Amino acid sequence: MSDTPRPTVVKARPIWLQTSLVGFVLIHVLSLALPFVVGVSAKSVALAFALYVIRMWGITAGYHRYFAHRSYKTSRWFQFVLAWVGASSVQKGPLWWAGLHRIHHRWSDTPRDIHSPKQRGFLYSHVGWITAPDHDGTDLALIPDFAKYPELRWIDRFHWVPFAALTALCYAIDGWRGVVWGAGVSTVFGWHGTFFINSLAHVWGSRRYETTDTSRNNPLLALITLGEGWHNNHHHYMNSANQGFFWWEFDISYYTLRALALVGVVRDLRHPPAHVLREKLVGAANAASATLSGARASAELKLIEARTAVGHAVESAELRINEARAAVGTAATEARASLESAASDARAAVGTAVDNVTNAAETRLTEARTAAGHRMAEARDAVESAVESAVDAATPAKN
Ligand SMILES: [Zn+2]
Ligand SMILES: [Zn+2]
């Protein structure tokens, strides 16, 4: 059950009155029936009430706030007084009780919590766990800080002794009637008052702090348990000597501890630091989460708007790109057409020019050829006439 290595588990003595379910049921039946047999007196009712308050104080100020949580310091002799008064409530020994309670805080409302109404049902969290044989022995590893004292180990083992002494005292005060009311009825009321903190204080009441468990603050439970009903406060900061954190959260155990501190019986009472009182407030968490969800919603809205705007921009850009692409295409086609027409014009002009040049050259060649022919004929004629003249001159006159 603990993370540390487990040493020897000391088995509690099987005292039927305190450990077994049979004894537990029997004392209930007797406490219901016997008052009708022995009758009632103011003395016996006052005795029952006084023993209820004193022993409830032994559980809350002693077993719980001192042994389980070390929320204040005291002397060794008063530590034993606390153990004795607590043990007279018949809730087994201080080492057993405080050790298991440390488990409750370590594993609150998880499967390892020994009395979680959330895990094992209301009835088990109320009375099932304390009468179940699986939690019978004391695991000293859970509480080495107090297990080192032999007198505490002794009272943890013989935890029925204070109750036996108390029963004798009740008999001395008011005979069997005193026993029935003081040791019977008062004890049963004390049990259920204490057990309500394990069961009801995790089910019924309000939550000031966002603890990881189901603990609640309940003024009625605080009244009947002398301050233990501020259980949500307690789970928020368990090492405090006061469980009522504010002046209106009455905490009778704490008032008596303050009084005992004044006369020097106890000392170094621990209190929650100021920042702890303001941390993890349920309302603040709600407000923060509301703000957060508001901010998230508005951020999401902005994101959607931004996404839409980006989509529109992309669409319009695509439109423009398409338009530009179309314009470029048209211009290119036009340019190509005009280029082609210019080229064909040029080609035609060149062809015409070449033709003209060729024709002119051919004309000139023909003319030249004709002129040369004429000149050659003239020359031939001139040569022939010269030859004839020469021949005439050379022929002697015959007449
Ligand atoms: Zn609790
Ligand atoms: Zn506690």
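These legends accompany several close-up views of a predicted model. Residues are numbered from 1 along each chain as its sequence is written, with chains lettered from A and ligands numbered from 1 in the order in which they are written. Because the model is predicted, local features need pLDDT of at least 70 and side-chain atom pairs count only at pLDDT 80 or more, while totals for chains, interfaces and linings use all residues.

**View 1. Confidence and the opening residues.** The mean pLDDT (the predictor's confidence in each residue, from 0 to 100) is 87 for the protein, and 91% of its residues reach 70 or more. Residues 1-10 stay under 50, and the model gives them 19 contacts beyond four places in sequence; a contact means C-beta atoms, placed from the backbone, within 7 Å.

**View 2. The largest nonpolar core.** Here you meet 48 residues, with Leu-95, Ala-98 and Ile-143 having the most contacts inside the core. Such a core is a set of buried Ala, Val, Leu, Ile, Met, Phe, Trp, Tyr and Cys residues joined through C-beta atoms within 7 Å. Helix α3 gives the most, 12 residues; helices are DSSP runs (H or I, at least four residues), numbered from the N terminus. Among the residues that Ala-98 touches are Tyr-63 and Phe-67.

**View 3. Around Phe-122.** This residue lies in helix α7 and touches Pro-117, Ser-199 and Val-203, leaving aside residues up to four places away in sequence. Phe-122 counts as partly exposed because it has 15 C-beta neighbours inside 10 Å; buried takes 20 or more other C-beta atoms within 10 Å, exposed 12 or fewer, and partly exposed falls in between, with C-beta atoms placed from the backbone.

Definitions and conventions
Two residues are in contact if their C-beta atoms, placed from the backbone, lie within 7 Å. Helices (H or I, at least four residues) and strands (E, at least two) are DSSP runs, numbered from the N terminus.
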